[in-house]
Amino acid sequence: MDPIHQFQITPLYRIGKIGPVDLVFTNSALFMLITVAIIAIVLLVPTAGRALVPGRLQSIAEMAYEFVANTIRTTAGPEGMMYFPLVFSLFMFILVANVMGLIPGAFTVTSQIIITVALALLVFVIVVVVGIARNGLSFFKIFVPSGVPVYILPLVVALEVFSFLIRPVSHSVRLFANMLAGHITLKVFGGFVIMLGAAGIVGWVGAALPVIMIVALTALELLVAFLQAYVFAILTCIYLKDTLHPGH
Amino acid sequence: METIAAATLAKYIGAGIACIGMGGAGIGVGTIFGNYLAAALRNPSAAQGQFGNLIFGFAVTEALGIFSLLIALMLLFVV
């Protein structure tokens, strides 16, 4: 009945202690492995034959490739394709993890903030490191927009620096909060069904309403699961664009 | 004991107040999608090209609502 209970991390297998770290194989790690396994199977097995006329599964792999490649080309430009492996991995991992979390009883990996923070910090560190490695000190031009009058420049630079530093926070919390809120809402409506169902025959009729609501919410959550993976990927592209052309 | 109870009370009230900020983000997201739909109905052929901008504007606007949700969650579970 507790709507938060679904986010509980339970240890499945204790590997042992390494120094101060207690290594435990948890249900979170299990579902991450399943996510990666699904992606690997969907991408590797059907494309092994490399049929000229793609079958059903090969079409899925090709559509996923085309979708992410188009996103990168339109947001980061053709040069952005050098980041394709990163963006594609992030998009597929988040998409499959989100959609798999909708299966009743499954654990939603992306509803844990530690995982979304790890993904967002990965993007942030790559932007800083690759940006400075490619452009040198001219990378810091991203904080100085061109065409701004001198007298308001200090304020604009301060704002740009702040918005640059806040990026990993909004990038990670957006995905985490969307997944958390959606799953809590589903569980709260599930709780209504149980409460009404316990009230006898009259309650069973009333319980039909929250059941219909759950079906509608699950459809909405499916949209959110896809949209948040897309938003994460498109923001990654926009952040990575700074490493290609700083100062625009 | 009294001060602890008062602090808990203030924590929950603060979390509730922080959630008001999400209403502003709701207005913003509604404005973005509403204006996109209005523009898409006027010129459907140009709509597809602006989908990326739509999602970007939605994400940036939503971030501000997420910050107030973050404050509420921090008040509830961290402080």
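User: How do you know how far the coordinates of chain A can be read?

Analyst: This is a predicted model, and the guide is pLDDT, the predictor's own confidence on a scale from 0 to 100. Chain A averages 87, and 99% of its residues score at least 70. Within chain A, strand 1 (residues 11-18) has the lowest confidence, with a mean of 82, while helix 3 (residues 84-101) has the highest, at 94.

User: What makes chain B compact or spread out?

Analyst: Chain B has four helices and zero strands, in the order α-α-α-α along the sequence. Its radius of gyration is 19 Å; for 79 residues the globule rule gives 12 Å, and 19 Å is well over that, so chain B is more spread out than a compact globule. Along the principal axes, the C-alpha atoms of chain B fill a box of roughly 65 × 15 × 10 Å. Of its 79 residues, 13% are buried. Taking contacts in chain B between residues at least 6 apart in sequence, 91% join residues at least 24 apart.

User: Which parts of chain A make up its side of the contact with chain B?

Analyst: Eleven residues of chain A and nine residues of chain B take part in the contact. On the chain A side, helix 2 (56-76), helix 5 (153-197) and helix 6 (201-244) each give two or more residues. Helix 6 of chain A gives the most, with five residues. Sorted by class, the chain A side has seven nonpolar, three polar and one charged residues.

User: What makes a set of residues a nonpolar core, and which residues have the most contacts inside the largest one?

Analyst: Members must be buried residues of the nonpolar types that count for a core, joined through C-beta atoms within 7 Å. The largest such set has 46 residues, and those with the most contacts inside it are Val87(A), Leu90(A), Phe91(A), Ile94(A), Ala229(A), Phe232(A) and Ala233(A). At least two residues each come from helix 2, helix 3, helix 4 (113-135), helix 5 and helix 6 of chain A, and from helix 4 (51-77) of chain B. Helix 6 of chain A supplies the largest share, eleven residues. Beyond four places in sequence, Phe232(A) touches Leu90(A), Ile94(A) and Leu175(A).

User: How do you know whether the length of helix 4 of chain A is close to the expected one?

Analyst: Helix 4 of chain A has 23 residues, and at 1.5 Å a residue the expected span is 33 Å. From first C-alpha to last, this helix reaches 32 Å, which is close to that value. Its buried residues are Ile115(A), Thr116(A), Leu119(A), Ala120(A), Val123(A), Phe124(A), Val127(A) and Gly131(A). Helix 3, helix 5 and helix 6 of chain A are among the elements that cover them. After helix 4 of chain A comes Gly136(A), with a positive phi near 65°.

User: Why is Ser28(A) called buried?

Analyst: The cut-off is 20 or more other C-beta atoms within 10 Å. Ser28(A) has 21 such neighbours, so it counts as buried. Ser28(A) lies in helix 1 (residues 27-47) of chain A. Leaving out neighbours within four places in sequence, Ser28(A) is in contact with Ile9(A), Phe107(A), Val109(A) and Gln112(A). The C-alpha atoms of Ser28(A) and Thr108(A) are separated by 7.9 Å, with the two residues 80 apart along the chain.

Definitions and conventions:
Residues are numbered from 1 along each chain as its sequence is written. Chains are lettered from A and ligands numbered from 1 in the order in which they are written. This is a predicted model: local features need pLDDT of at least 70, side-chain atom pairs count only at pLDDT 80 or more; totals for chains, interfaces and linings use all residues. Two residues are in contact if their C-beta atoms, placed from the backbone, lie within 7 Å. Ala, Val, Leu, Ile, Met, Phe, Trp, Tyr, Cys and Pro count as nonpolar, Asp, Glu, Lys and Arg as charged, and the others, Gly among them, as polar. The radius of gyration is taken over C-alpha atoms; the globule rule is 2.2 Å times the number of residues to the power 0.38. A residue is buried if 20 or more other C-beta atoms lie within 10 Å of its own, exposed if 12 or fewer, and partly exposed in between; C-beta atoms are placed from the backbone. The expected span of a helix is 1.5 Å times one less than its number of residues.
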